[in-house]
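Subject: Structure handover

Hello,

Here is the structure you are taking over. Please open it first, then read the notes below it.

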Amino acid sequence: MRFSKLLEEFRTIRDYKKDPVDYAIIQEIIETGKTAKGIGGDKNISVIFVDNGKEIFNKLSGKAGYHGNMMEAPHYLAILTKESPGYI
């Protein structure tokens, strides 16, 4: 898919379900993260699954999210990169 087409079709969803995600889907995402390559082809990406969403929501509310507005969820995924030239 061309990047310009992707941008044209991009949409955000701000009304999320609060149902837990099936464990098999979570495992697939984590495994995909293990093989993902960062900018420049380096394998510098980590995917962390956080199961205790309520606790994280309470700790990060007002500090993270969209301008400090956290979306409450049963789980969260944190996608991290090592600090390097061009990192995000």
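Start with Ile29, which sits in helix 2, residues 23-35. Helices (H or I, at least four residues) and strands (E, at least two) are DSSP runs, numbered from the N terminus. This is a predicted model, so local features need pLDDT of at least 70 and side-chain atom pairs count only at pLDDT 80 or more, while totals for chains, interfaces and linings use all residues. Residues are numbered from 1 along each chain as its sequence is written, and side-chain values use heavy atoms, with hydrogens and water left out.

**Overall layout**

The chain has three helices and two strands. Along the sequence the pattern reads α-α-β-α-β. Of the 88 residues in the chain, 14% are buried. Buried means under 20% relative accessible area, exposed means over 50%, and partly exposed is in between (1.4 Å probe, protein chains only).

Ile29 is partly exposed, because its relative accessible area is 35%.

**Two pockets**

Rolling a probe the size of a water molecule over the atoms shows where empty space is left. The search here uses a 1 Å grid over the protein atoms alone. A pocket is an open set of points where a 1.4 Å probe fits, with protein on both sides within 12 Å along at least five of seven lines; lining residues have an atom within 4 Å of a point.

The largest pocket holds about 400 Å³ of space. Lining it are 16 residues, and the closest to its centre are Tyr66, Met71, Ala73, Tyr76 and Leu77. Helix 3 (53-60) and strand 2 (76-81) are the elements that give two or more residues to this lining. Strand 2 has the largest share, four residues. By class, the lining has 13 nonpolar, one polar and two charged residues. Ala, Val, Leu, Ile, Met, Phe, Trp, Tyr, Cys and Pro count as nonpolar, Asp, Glu, Lys and Arg as charged, and the others, Gly among them, as polar.

The second largest pocket has a volume of about 190 Å³. A volume is the space filled by probe spheres set on the grid points, which are joined across faces, edges and corners. The lining divides into nine nonpolar, one polar and two charged residues.

**Two salt bridges**

Side chains of opposite charge can pair when their charged atoms come close. The structure holds two salt bridges. The cut-off is a side-chain nitrogen of Lys or Arg within 4 Å of a carboxyl oxygen of Asp or Glu.

Lys54 pairs with Glu72, with the closest N and O atoms 3.2 Å apart. This pair links distant parts of the chain: Lys54 is in helix 3, and Glu72 is 18 residues away in the loop between helix 3 and strand 2. Glu72 is partly exposed, at 28% relative accessible area.

Lys59 and Glu55 form a salt bridge at 3.1 Å, N to O. They are four residues apart in helix 3, so about one helical turn separates them. Lys59 is exposed, at 52%. Glu55 is partly exposed, at 39%.

**Far in sequence**

Ile48 is in strand 1, residues 45-50, and Ala78 is in strand 2. These two are 30 residues apart in sequence and 5.0 Å apart in space, C-alpha to C-alpha. Ile48 and Tyr76 are 28 residues apart in sequence and 8.3 Å apart in space, C-alpha to C-alpha. Ile48 is partly exposed, with 38% relative accessible area. Ala78 is partly exposed too, at 27%.

Met71 lies in the loop between helix 3 and strand 2. Met71 and Lys18 are 53 residues apart in sequence, with 9.7 Å between them in space, C-alpha to C-alpha.

Best wishes
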